[in-house]
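This briefing goes through one protein chain, topic by topic. Please look at the sequence and the 3D structure first.

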Amino acid sequence: MLNPLEFIKESIEKIKNQIGDEKAIIALSGGVDSSVCSVLVKKAIGDNLVAVFVNHGLLREGEVEEVCNTFEDRLNFIYVDASDEFLGALSGIEDPEEKRKIIGKVFIDVFEREAAKIQAKFLVQGTIAPDWIETEGKIKSHHNLALPGGMVLELVEPVRELYKDEVREIGLELNLPESLVYRQPFPGPGLAVRVIGKLSKEKLEICRKADAIVRQEIIKNKIDKELWQYFAVLTDTKVTGVKGDQRDFGYLVVLRMVASVDAMTAHVPELPWSVIRDISKRITSEVSEVTHVSLSISDKPPSTIEFA
């Protein structure tokens with residue numbers, strides 16, 4: 001059984017021994033895994049850790065402000081707005097795997113530029129147990145990552161043996177805000193994989209608004225801690241609707257809400273119908289481009305949690 005205080009103490013010592021007086025860099029997403037790692041490493045090496053928060057233009061409503069407000073005074077913090085760079089590279093791309101590859105490439109380009117500025121020797125990553133279990137299995141604890149420009153960084157992975165619920169325990173012990181500790185997992189490619197088909201600023205904004213409504217209603221009804229993830233997907237399907245006395249032709253939004261312990265499997269629990277109905281009504285009335293809302297009821301497996 002995890003003892004948070006003991007884990008924190010042991011982790012700080014391990015990090016000190018590994019990094020020493022060198023500089024380290026972390027890509028801070030605002031999720032609980034990278035946030036916990038940032039605070040642990042900061043406790044170990046102080047301002048020799050630089051936390052870089054890259055805005056790729058694919059974040060949820062209010063996310064930039066929340067992350068900046070939480071960490072600007074806690075860490076040696078750098079905010080990089082690279083949204084135009086990402087959206088330009090993604091222009092015209094429909095395939096979700098191609099989106100992921102492009103986002104990964106642009107992210108490494110942006111991140112490498114920041115790492116070169118501070119001459120970092122170590123890269124801190126918020127890898128947790130399901131990440132490597134679902135990929136190749138046993139990966140070395142400390143291995144090197146060669147960035148495209150030739151820079152070689154040694155990896156530091158403070159929470160790689162933990163599961164999400166255990167990372168949250170550590171976060172609470174480190175006095176991180178509950179809103180961050182219990183923040184639902186969010187994919188690295190962000191809304192790029194929740195907007196089906198080609199991306200545009202308009203479609204991203206539609207998805208962002210619909211997603212914000214989902215989050216507001218789930219939290220208001222106090223069922224957020226019962227769910228692993230809850231979000232809106234903007235499909236590339238358009239359907240007929242009626243708004244006022246006129247025919248409308250707008251987007252179909254799909255609601256996805258699942259319960260899980262570690263994301264290895266997930267199921268759609270019985271959800272209060274009143275909440276689903278209120279979410280649907282709000283989206284179709286407040287997001288003018290949407291005419292229909294549906295609910296995904298497929299478990300993982302056979303489905304994945306994300307749509308794309």
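**Briefing on the predicted model**

P302 lies in the segment that follows β9; helices (H or I, at least four residues) and strands (E, at least two) are DSSP runs, numbered from the N terminus. This is a predicted model, in which local features need pLDDT of at least 70 and side-chain atom pairs count only at pLDDT 80 or more, while totals for chains, interfaces and linings use all residues. Residue numbers start from 1 along each chain as its sequence is written, and side-chain values use heavy atoms, with hydrogens and water left out.

**Backbone exceptions**

- Most residues other than glycine have a negative phi, and most peptide bonds are trans.
- The peptide bond from P301 to P302 is cis, with omega near 10°.
- K300 and P301 are also joined by a cis peptide bond, whose omega is about -15°.
- P301 too is placed in the segment after β9.
- Q119 is not a glycine, yet its phi is positive, at about 55°.
- The loop between α5 (96-118) and β4 (122-124) holds Q119.

**The three-stranded sheet**

- Strands of a sheet pair through backbone hydrogen bonds, either parallel or antiparallel.
- Three strands form an open sheet in the order β7-β8-β9, with mixed pairing; two strands pair if DSSP finds at least two bridges between them.
- At the edges are β7 (229-243) and β9 (290-295), each of which pairs on one side only.
- From one strand to the next, the twist averages 25°.
- Five bridges link strand β8 (residues 246-258) to β9 in the parallel sense.
- Y251 stands opposite V290 in β9, and V253 has V293 in β9 as its bridge partner.

**Helices on the sheet**

- Helix α9 (residues 201-220) packs on the sheet and touches β7, β8 and β9, where contact means heavy atoms within 4.5 Å.
- The direction of α9 makes about 120° with that of β7; axes are lines fitted to C-alpha atoms, for helices over the stretch in contact, and angles run from 0 to 180 degrees between N-to-C directions.
- Helix α10 (residues 273-286) also packs on the sheet, touching β7, β8 and β9, and its direction makes about 160° with that of β9.

**β-α-β units**

- β8, α10 and β9 make a right-handed β-α-β unit; a crossover is right-handed if, with the strands pointing away from the viewer, the path from the first strand over the helix to the second runs clockwise.
- Another right-handed β-α-β unit is made by β2, α3 and β3.
- Strands β2 (residues 49-55) and β3 (residues 76-81) run parallel and are joined by six bridges.
- V52 in this pairing stands opposite I78 in β3.

**Lining of the largest cavity**

- A cavity is a set of points, on a 1 Å grid over the protein atoms alone, where a 1.4 Å probe fits but cannot get out, and lining residues have an atom within 4 Å of a point.
- The largest cavity is lined by G30, E66, V67, T70, L180 and R183.
- Helix α3 (residues 63-71) gives the most to this lining, with three residues.
- The lining divides into two nonpolar, two polar and two charged residues; Ala, Val, Leu, Ile, Met, Phe, Trp, Tyr, Cys and Pro count as nonpolar, Asp, Glu, Lys and Arg as charged, and the others, Gly among them, as polar.

How values were computed:
On a 1 Å grid over the protein atoms alone, a cavity is a set of points where a 1.4 Å probe fits but cannot get out, and a pocket is an open set with protein on both sides within 12 Å along at least five of seven lines; lining residues have an atom within 4 Å of a point.
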